[in-house]
Amino acid sequence: MTTLAILTAAGSGTRLGRDLPKALVELGGLPLVLHAARRLAASGVVDGLVVTAPAGLAAVVTEVVARDPHIEVPVRVVEGGATRQASVATGLRMARAADDVVLVHDAARPLVPPSLVRRVVEAVRSGHRAVVPGLPVTDTIKQVIPGPGAELVVGTPDRSLLRAVQTPQGFERGLLVRAHEAGAVRAAAEHLAATDDAGLVEALGEKVHIVPGDDLAFKITTERDLWLAELVLQEAA
Ligand code: C5P
């Protein structure tokens, strides 16, 4: 019984404003995807990695991740798809029969603590078939619809019942495969891809459980996030 981690790194990351896919942008002198891969491997609960690379960059990502001496688990690199959902589906096809647990983690969360990876895998192995790390939200969230001139507020959900979810998300492999099969049919019909894998499991009517997330698993989207990550790394050094 083994755990496979799919590391999604095929996005363009245009909001960072670099002429380089986000996963290859450097943090402390190393590409984001390498930070994430090292932390997944360092958890001690991941037996193999599949990295989804941007189109045309599989060889570059292989050079960066698969040859890294700090990563002692087998690494395979595949080209991702046009959406995150399609990239995960491609990675999932690389799972082997023995991989009963699959994690999906975003390279855009390079500082994920190995302890969080262990927490998610332990929760799946304890019998929860779909597990996501989540943190309480600190902002009040409004639901809106487009309006003339300005958006219109249509609701204010109870903040105490909201969670901001992170990755890695962990799943029993069979459930995730089924969720992606159904999700692919929906994506083709509705031209709308899911932004996380748990959402696909929820759409099947299956339960998804939350475990406590970690501030350090924050996502890098803007230049400010990258600056914050540099500070965190310097603090830790
Ligand atoms: O764009 P966003 O930051 O939400 O992407 C989340 C993760 O999904 C990133 O790590 C990105 O590289 C990955 N991704 C992917 N394939 C895509 C789009 C995004 O692997 N087509």
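**The core and its surroundings**

Tutor: Start with Ile6. Ile6 touches Val50, Thr52, Val88, Gly91, Leu92, Val102, Leu103 and Val104, leaving out residues up to four places away in sequence. Contact here means C-beta atoms, placed from the backbone, within 7 Å. The model is predicted: local features need pLDDT of at least 70, side-chain atom pairs count only at pLDDT 80 or more, and totals for chains, interfaces and linings use all residues. Residue numbers run from 1 along each chain as its sequence is written.

Ile6 belongs to the largest nonpolar core, which has 58 residues. Such a core is a set of buried Ala, Val, Leu, Ile, Met, Phe, Trp, Tyr and Cys residues joined through C-beta atoms within 7 Å. Buried means 20 or more other C-beta atoms within 10 Å of the residue's own, exposed 12 or fewer, and partly exposed in between, with C-beta atoms placed from the backbone. Ile6, Leu7, Val33, Ala37, Leu49 and Val51 have the most contacts inside this core. Its largest share, 7 residues, comes from helix 1 (residues 32-42). Helices (H or I, at least four residues) and strands (E, at least two) are DSSP runs, numbered from the N terminus.

Helix 1 is mostly covered, with 9 of its 11 residues buried. Those buried are Leu32, Val33, Leu34, His35, Ala36, Ala37, Arg39, Leu40 and Ala41. Gly44 follows helix 1 and has a positive phi, near 80°.

Now back to Val102, one of the residues that Ile6 touches. Val102 stands opposite Phe171 in strand 11. Strand 6 (residues 99-106) and strand 11 pair antiparallel over 4 bridges. Pairing requires at least two DSSP bridges between the strands. Strand 7 (residues 130-136) also runs antiparallel to strand 11, joined by 2 bridges. There, Val131 stands opposite Gly170.

In a regular strand, side chains alternate between the two faces of the sheet. Strand 11 (residues 169-172) is covered on both faces: Gln169 and Phe171 are buried on one side, Gly170 and Glu172 on the other.

For contrast, take Pro69. Pro69 lies in the loop between helix 2 (58-66) and strand 5 (75-79). Pro69 counts as exposed because 5 other C-beta atoms lie within 10 Å. Its C-alpha atom is 9.8 Å from that of Arg38, 31 residues away along the chain.

Key: Contact = placed C-beta atoms within 7 Å.
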